[in-house]
Amino acid sequence: MEVPYLDLSFANLNHKLALLAAVERVIDSGWTILGKEVEQFEMLWASYVGTRYAIGVANGLDAMIIALEVLGVGPADEVIVPSNTYIATWLAVSRVGAKIIPVEPDITTFNIDAAAIQKAISPRTKAAIVVHLYGRPCPMKEIMEMAGASGIFIIEDNAQAQGASTDGQMTGSFGHINATSLYPGKNFGALGDAGVITTNQKEWSEKCRVYRNYGSQNKYENELLGYNSRLDEVQAAMLSVKLEFLKENNVFRAHIANTYNEQLSGIDKVFLPTLSPGNVWHIYPILVERRDALMSYLKENGIGTLIHYPIPAHLQKAYAHLGYQLGDFPIAEKIAAEILSLPIYPGMRPEQVEYVCEKIKAFFKK
Ligand SMILES: *Cc1c(COP(=O)(O)O)cnc(C)c1O
């Protein structure tokens, strides 16, 4: 049996006619960038997440950079980020010239929490970026209370958690200003690059619109050093179609995660992710000491897996100038050494899930 790590056919092919109709609507309109489709999608996303404003941009990294710009984060400031995240979280901070302050995650949730952030706060701290890594929401209520008391801004990096919720509220709606990637491989993604910013502050939402379009509100008048980070009409039109299916797709993922947790719970050499209600399971991560051997064994048996992520940001060549060394962030390093992401996607058949479980059990019996 073949089990790919990810198969997007359920997410896109299944809705081919509706997606084509959306594309046709854009072609017929004769308008391709920042028009009615973008406005429509922004309204849908804001109401889905529960914020007053949503601003479509070109990708998730830009969404975070623009969020930092709008908060006025610059070279004099420190920004707290998780030591274990996709490098985009760090890059956004680097792009605005601020100092990166990495904080280790909790090994059982893979996320940072209010106490960990608080310990890293200095007089120069302006903001913290919290990442709902692998689809699991961070404890946002506590984080926002702590931030309020400490006077720092919170940005949610919601790239892996579209549709997740905690304390009865959607992720992407807690932070002062939040960034969501809509990259094709995320739980909710376009058919190309896309991203969206959410906030409840009118002034910030307007500033985001100016930043994404060359710092310009009126054509050829530039009030800010802006970006070219606009959302395409064709992507927005397709996103509006796909948003209808996000909820059921996340339920599909949760079923698979439940099966993995049930089936794999007896193996004492495998550390399973703990179940939590608002998790949307962008990734199903397990920790295994013999990770590379397990990965090859599964590959030989037709099962695709991935590592999120093999090199922590502090050990990347791009960050050599920060002077970090192996041993500086042991939890991030342990995750990088032991994590394995099992296949999980809407449309994955029950027999495929069973097969993955069987092969993992067989590996540990050898
Ligand atoms: C995918 C991802 C991003 C970046 O999104 P792009 O749309 O590719 O720029 C940022 N943060 C995290 C945690 C991600 O997984």
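The lining of the largest cavity divides into nine nonpolar, four polar and four charged residues, where Ala, Val, Leu, Ile, Met, Phe, Trp, Tyr, Cys and Pro count as nonpolar, Asp, Glu, Lys and Arg as charged, and the others, Gly among them, as polar. The structure is a predicted model, in which local features need pLDDT of at least 70 and side-chain atom pairs count only at pLDDT 80 or more, while totals for chains, interfaces and linings use all residues. Residues are numbered from 1 along each chain as its sequence is written, and side-chain values use heavy atoms, with hydrogens and water left out.

The lining of this cavity comprises 17 residues, and Ala-11, Lys-186, Asn-187, Lys-242 and Asn-249 lie nearest the centre. On a 1 Å grid over the protein atoms alone, a cavity is a set of points where a 1.4 Å probe fits but cannot get out, whereas a pocket is an open set with protein on both sides within 12 Å along at least five of seven lines; lining residues have an atom within 4 Å of a point. Helix α10 (residues 246-264) gives the most to the cavity lining, with three residues; helices (H or I, at least four residues) and strands (E, at least two) are DSSP runs numbered from the N terminus. The space in the largest cavity is about 140 Å³, and three cavities of 30 Å³ or more are found in the whole structure. Grid points are joined across faces, edges and corners, and a volume is the space filled by probe spheres set on the points.

The largest pocket holds about 600 Å³ of space. It is lined by 30 residues, of which Tyr-86, Gln-160, Tyr-183, Lys-186 and Tyr-309 are the closest to its centre. By class, this lining consists of 16 nonpolar, ten polar and four charged residues. At least two lining residues come from each of α4, α5 (88-95) and β8 (177-181).

The ligand sits in the largest pocket, a term applied if more than half of a molecule's atoms lie within 2 Å of the grid points. Around the ligand are 14 residues, with Gly-60, Asp-157, Gln-160, Ser-181 and Lys-186 coming nearest; a residue is near if one of its heavy atoms lies within 4 Å. Eight residues of this shell are nonpolar, four polar and two charged, and helix α4 (residues 60-70) provides the largest share, three residues.

A polar backbone atom of Gly-60 is 2.8 Å from a ligand oxygen atom, and an N or O atom in the side chain of Asp-157 is 2.8 Å from a ligand nitrogen atom. For Lys-186, a polar side-chain atom lies 2.7 Å from an oxygen atom of the ligand. The ligand taken alone exposes 380 Å², of which the protein buries 91%; accessible areas come from the Shrake-Rupley method with a 1.4 Å probe.

Backbone geometry was also examined. The peptide bond from His-308 to Tyr-309 is cis, with omega near 15 degrees, and Tyr-309 is found in the loop between α11 (291-300) and α12 (330-338).

Notes: Polar contact = N/O pair within 3.5 Å; in protein donor to acceptor, adjacent residues only side chain to side chain.
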